[in-house]
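Subject: Structure handover

Hello,

Here is the structure I said I would pass on. My notes on what was found in it follow below.

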Amino acid sequence: MSEALQTEGFSRGELDFVTGKAEPAPTVPAVASQKHSPTRRQSSSVKSPTDQAMGNPGQNITPTVSMTFRLPADLPARLIRVSAERKVSCEKPASQQDIVAEALRDWFRRNTPKT
């Protein structure tokens, strides 16, 4: 244990890190800004947001974010079962994430006033 406390062999950067003097590494924001230059061309494999809205929820190219919330106890088990069944039968959407995203998009479409 006493060997672990010996710092003579540490570099200056290592000592700064251990003592807390090191500057923290820069972090990337959770949702990155999507700035598009007019001269930049999109590859043909990238779908536009309009193409996504036309029935391809499983091919989401927009960034995703993590959310935590509580659901009624019966829903997670049903979601797991349905997702597994859809994966086996190769139906889309199959992943839990895509199923929930499609359900929310449908709910928003039905419950958001049209302007």
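To begin with one side chain, Trp-107 is partly exposed, at a relative accessible area of 43%. Buried here means under 20% relative accessible area, exposed over 50%, and partly exposed in between (1.4 Å probe, protein chains only). Phe-108 is also partly exposed, with 45% relative accessibility. A search of the whole structure finds 1 aromatic pair, and Trp-107 and Phe-108 form it, edge-to-face, at 5.5 Å centre to centre with 75° between the planes. Rings of Phe, Tyr and Trp (its six-membered ring) pair if their centres lie within 6.5 Å; planes under 30 degrees apart count as stacked, over 60 as edge-to-face and the rest as tilted.

Before the rest, the terms of reading. This is a predicted model, in which local features need pLDDT of at least 70 and side-chain atom pairs count only at pLDDT 80 or more, while totals for chains, interfaces and linings use all residues. Residues are numbered from 1 along each chain as its sequence is written, and side-chain values use heavy atoms, with hydrogens and water left out.

Confidence

The mean pLDDT of the chain is 76, and 63% of its residues reach 70 or more; pLDDT is the predictor's confidence in each residue, from 0 to 100. Confidence is lowest in α2, with a mean of 46, and highest in α3, at 96. Over residues 36–54 pLDDT stays under 50, and the model has 12 contacts beyond four places in sequence for that stretch. A contact means heavy atoms within 4.5 Å.

Overall layout

The chain has 4 helices and 0 strands, in the pattern α-α-α-α along the sequence. Helices (H or I, at least four residues) and strands (E, at least two) are DSSP runs, numbered from the N terminus. Of the 115 residues in the chain, 7% are buried. The accessible surface of the chain comes to about 10,700 Å², and carbon and sulfur atoms account for 58% of that. Accessible areas come from the Shrake-Rupley method with a 1.4 Å probe; for residues, only the protein chains shown count as cover. Among contacts between residues at least 6 apart in sequence, 22% join residues at least 24 apart.

Just after α1, Gly-20 takes a positive phi of about 85°.

Ser-83 lies in helix α3 and is buried, with a relative accessible area of 3%. Leaving out residues up to four places away in sequence, Ser-83 touches Ala-94, Ser-95, Gln-96 and Ile-99.

Cys-90 counts as exposed, at 68% relative accessibility. Pro-93 also has its place in the loop between α3 and α4, and a cis peptide bond joins Lys-92 and Pro-93, with omega about -10°. For comparison, most residues other than glycine have a negative phi, and most peptide bonds are trans.

Salt bridges

A salt bridge is a side-chain nitrogen of Lys or Arg within 4 Å of a carboxyl oxygen of Asp or Glu, and by this rule the count comes to 3. One of them joins the side chains of Glu-91 and Arg-86, at 3.5 Å from N to O. Glu-91 is partly exposed, at 39% relative accessibility.

Asp-106 forms a salt bridge with Arg-109, the closest N and O atoms being 3.6 Å apart. The two are 3 residues apart in helix α4 (residues 96–111), and so are separated by about one helical turn. Asp-106 also meets Arg-110 in a salt bridge, at 3.2 Å from N to O. Arg-110 and Asp-106 both lie in helix α4, 4 residues apart, again about one turn. Salt bridges that share partners join Asp-106, Arg-109 and Arg-110 into one network. Asp-106 is partly exposed, with a relative accessible area of 30%, while Arg-109 is exposed at 53% and Arg-110 is exposed at 56%.

Nonpolar patch

Val-65, Met-67, Phe-69, Leu-71 and Leu-75 form a nonpolar patch on the surface, with about 510 Å² of accessible area together. Patches are made of residues with over 30% relative accessible area and no salt bridge: like charges are joined within 9 Å, nonpolar side chains (Val, Leu, Ile, Met, Phe, Trp, Tyr) within 5 Å. Val-65 lies in the loop between α2 (49–53) and α3 (74–88).

Regards
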